[in-house]
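Reader: Please take a close look at one part of this model, the pairing of aromatic rings. I would also like to know how the confidence scores bear on the reading.

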Amino acid sequence: MKRVIPVLVLSVAGLIPVWRYEPSTGTTSTTEAASTPSGSSSTSSSGSSGSTTFTGTTVATEKGDVQVRITYDGDRITAVKMLRQPNHPQTTAAVPKLISETLAAQSADIDTVSGATLTSDGYKESLQAAIDAEAAAASASPSASAAASASRTVAGSTVATEKGDVQVQATFEGDRITAVKMLRQPNHPQTTAAVPKLISETLAAQSADIDTVSGATLTSDGYKESLQAAIDAKGV
């Protein structure tokens, strides 16, 4: 009997590694699939059907600002990007649904996402503004030969500053900037005085490479950043 006990002990000890290293039954992670980029909005090389980008207006909601940018390939919306959205879990969950419905409907006539009514309404309003901008650009350039001289209005991104938001809209005739409009600006006397100077310098320089207005540094920096975004969007 003295020999039997060690044999049993060794047998049990031999089973322990088997239990500890039992193969896992878990499935592989899905983060790879989730991180795979969706279709990119790279510029097409098919002549008149090249990609163009249009930015909608910034819509203020009780949850926060909403702004949409859309990309067209020919006459189809091929990509939607949220430039501004409320920092809220319901918004984060709603945005993919809104974008998916937009790509399917090819319009702003989409359903409101339950639990994110304010964001949905702001999204649709900004989206419609971007669609209207595309329609205006299309009607202004009925043929490829007239496209170069057609008037086109592009809104730059909304830039947050310590004084308030700044957003610039630029109108182009061909390659020239013919008009600049402030869509959003701080409610401040120095900003009010600075804006005409910034616009005047923009029309003279035909670029965002202009001087900062003394006493309105924050507004000037925000103006130049938003203006450059509009210029970049026009070149897409």
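Author: pLDDT is the predictor's confidence in each residue, on a scale from 0 to 100. In this predicted model the protein averages a pLDDT of 79, and 74% of the residues score at least 70. Residues 4-49 have a pLDDT below 50; apart from near neighbours in sequence, this stretch has eleven contacts in the model (heavy atoms within 4.5 Å). Where pLDDT is low, the predicted coordinates should not be read in detail.

Residues are numbered from 1 along each chain as its sequence is written. Local features need pLDDT of at least 70 and side-chain atom pairs 80 or more, while totals for chains, interfaces and linings use all residues; side-chain values use heavy atoms, without hydrogens or water.

On to the rings. Searching the whole structure gives one aromatic pair (Phe, Tyr or Trp rings, the six-membered one for Trp, with centres within 6.5 Å; planes under 30 degrees apart are stacked, over 60 edge-to-face, the rest tilted). The partners are F54 and Y72: their ring centres lie 6.0 Å apart and their planes stand at 85 degrees, so the pair is edge-to-face. F54 belongs to strand β1 (residues 51-55) and Y72 to strand β3 (residues 65-73), strands being DSSP runs of E, at least two residues, numbered from the N terminus.

F54 counts as buried because its relative accessibility is 5% (buried is under 20%, exposed over 50%, partly exposed in between, with a 1.4 Å probe and protein chains only). Y72 is buried as well, with a relative accessible area of 4%.

Terms used. Helices (H or I, at least four residues) and strands (E, at least two) are DSSP runs, numbered from the N terminus.
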